[in-house]
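Hi,

Here is the structure I promised to send over. Have a look at it first, and then read on for what turned up in it.

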Amino acid sequence: MRLLMIGDVVAQTGCDFLASKLRDIKKRYNIDVTVINGENSASGNGITVHSCDFLTRIGADVVTTGNHAFKRRESLGIFDNVPHLIRPANYSDEVCGKGYYVLDMGRCQIAVINLMGVIYMEPLANPFRTVDEILAGIETKNIFVDFHAEATAEKKALGFYLAGRVTAVMGTHTHVQTADETILDGGTAYITDVGMTGPEDSVLGVNKEIAIEKQRLNFPVRFAEADTPCFINGVVVEFDEKAGRASHIERIIER
């Protein structure tokens with residue numbers, strides 16, 4: 001089987017561009033399951049009822065999030081009402097939503113776990129301990145982890161920690177696709193960051209002039225998404241659904 005992971009989709013422009021290309025990508029790579037990180041899918045970041053529904057309608061089987069999961073307070077209810085929308089599992093159990101989703105494919109089940117790093121991020125529960133607790137209760141061998149984290153060292157460490165225990169560990173959050181895709185010991189696919197989907201000529205999707213002003217002057221600014229041509233960053237993971245082991249991981253960039 002083949003799973004497609006799409007990196008952080010930025011605003012409506014990123015959503016629209018993904019919609020125009022996703023069907024062709026899925027056909028070309030013979031995709032069975034599609035996971036999309038949608039934590040920036042609403043204009044101004046965060047996720048809304050509209051943007052979650054949009055990603056679902058264009059082909060997302062599971063929508064993951066990250067540190068902007070609860071950016072829009074008016075959208076908090078969707079995490080309890082949309083089963084395939086998940087937030088980082090290392091938030092407190094008292095927070096709305098859940099941290100993983102098990103997709104029933106008929107011939108097999110596929111679990112997607114959402115975790116968030118704690119280095120340079122919010123002080124959530126330890127992601128290593130959190131994932132251990134989740135894995136103890138998951139029966140399927142097909143397990144994919146979206147690790148939404150800032151520090152590359154934390155991502156690499158979790159990849160090695162889960163090697164042979166999950167099918168893939170795929171990093172998100174930095175919006176910059178890394179070139180370190182590999183198959184770790186035990187058949188676990190790994191990449192430090194999948195990248196982003198949105199305006200390519202930008203600073204992580206933000207208008208570059210505004211981002212430069214912010215960093216040059218350290219003065220408050222109002223971020224706005226860039227109005228430039230988009231690209232799509234993602235990875236395709238090929239795996240044996242009976243053993244839960246990955247045999248190949250391939251980065252993709254669509255312009």
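Helices here are DSSP runs of H or I with at least four residues, strands are runs of E with at least two, and both are numbered from the N terminus. At the other end of α6 (residues 208-217), a side-chain oxygen of Asn207 comes within 3.0 Å of the backbone nitrogen of Glu209.

Some ground rules before the rest. This is a predicted model, in which local features need pLDDT of at least 70 and side-chain atom pairs count only at pLDDT 80 or more, while totals for chains, interfaces and linings use all residues. Residues are numbered from 1 along each chain as its sequence is written, and side-chain values use heavy atoms, with hydrogens and water left out.

**The cores**

The largest nonpolar core holds 33 residues. By nonpolar core I mean buried Ala, Val, Leu, Ile, Met, Phe, Trp, Tyr and Cys residues joined through side-chain atoms within 4.5 Å. Buried is under 20% relative accessible area, exposed is over 50%, and partly exposed is in between (1.4 Å probe, protein chains only). Leu4, Leu18, Ile36, Leu55, Phe79 and Leu85 have the most contacts inside this core. Two or more residues each come from β1 (2-6), α1 (11-28), α2 (49-58), α3 (78-81) and β12 (230-240), and α1 gives the most, with 5 residues. Beyond its neighbours within four places in sequence, Leu18 is in contact (heavy atoms within 4.5 Å) with residues including Ile36, Leu55 and Ile232. There is also a second, separate core of 23 residues, with Leu3, Tyr101, Ile110 and Val235 among them.

Asp8 sits in strand β2 (residues 8-9). It is buried yet has no salt bridge, and the nearest side chain of opposite charge, Lys155, is 7.8 Å away. For the charges, Lys and Arg count as positive and Asp and Glu as negative; His and the chain ends are not counted. A salt bridge needs a side-chain nitrogen of Lys or Arg within 4 Å of a carboxyl oxygen of Asp or Glu. The backbone nitrogen of His173 lies 3.4 Å from a polar atom of the Asp8 side chain. Contacts of Asp8 beyond four places in sequence include His148, His173 and His175.

Asp8 also stands opposite Met196 in β11. Strands β2 and β11 run parallel and are joined by 2 bridges, whereas β11 and β12 run antiparallel with 3 bridges. Two strands pair if DSSP finds at least two bridges between them. Thr197 has Ile232 in β12 as its bridge partner.

**Salt bridges**

The rule above gives 11 salt bridges. One of them joins Arg28 and Glu254 (2.6 Å, N to O). This pair links helix α1 with strand β13 (residues 245-254), 226 residues apart. Arg28 counts as partly exposed because its relative accessibility is 43%, while Glu254, at 12%, counts as buried. Asp24 joins Arg28 and Glu254 in a network of salt bridges.

Asp193 lies in the loop between β10 (188-191) and β11 (196-199) and Lys155 in helix α5 (residues 152-162), so the pair ties together parts 38 residues apart in sequence. Both Asp193 and Lys155 are buried.

Best wishes

Note on methods. Polar contact = N/O pair within 3.5 Å; in protein donor to acceptor, adjacent residues only side chain to side chain.
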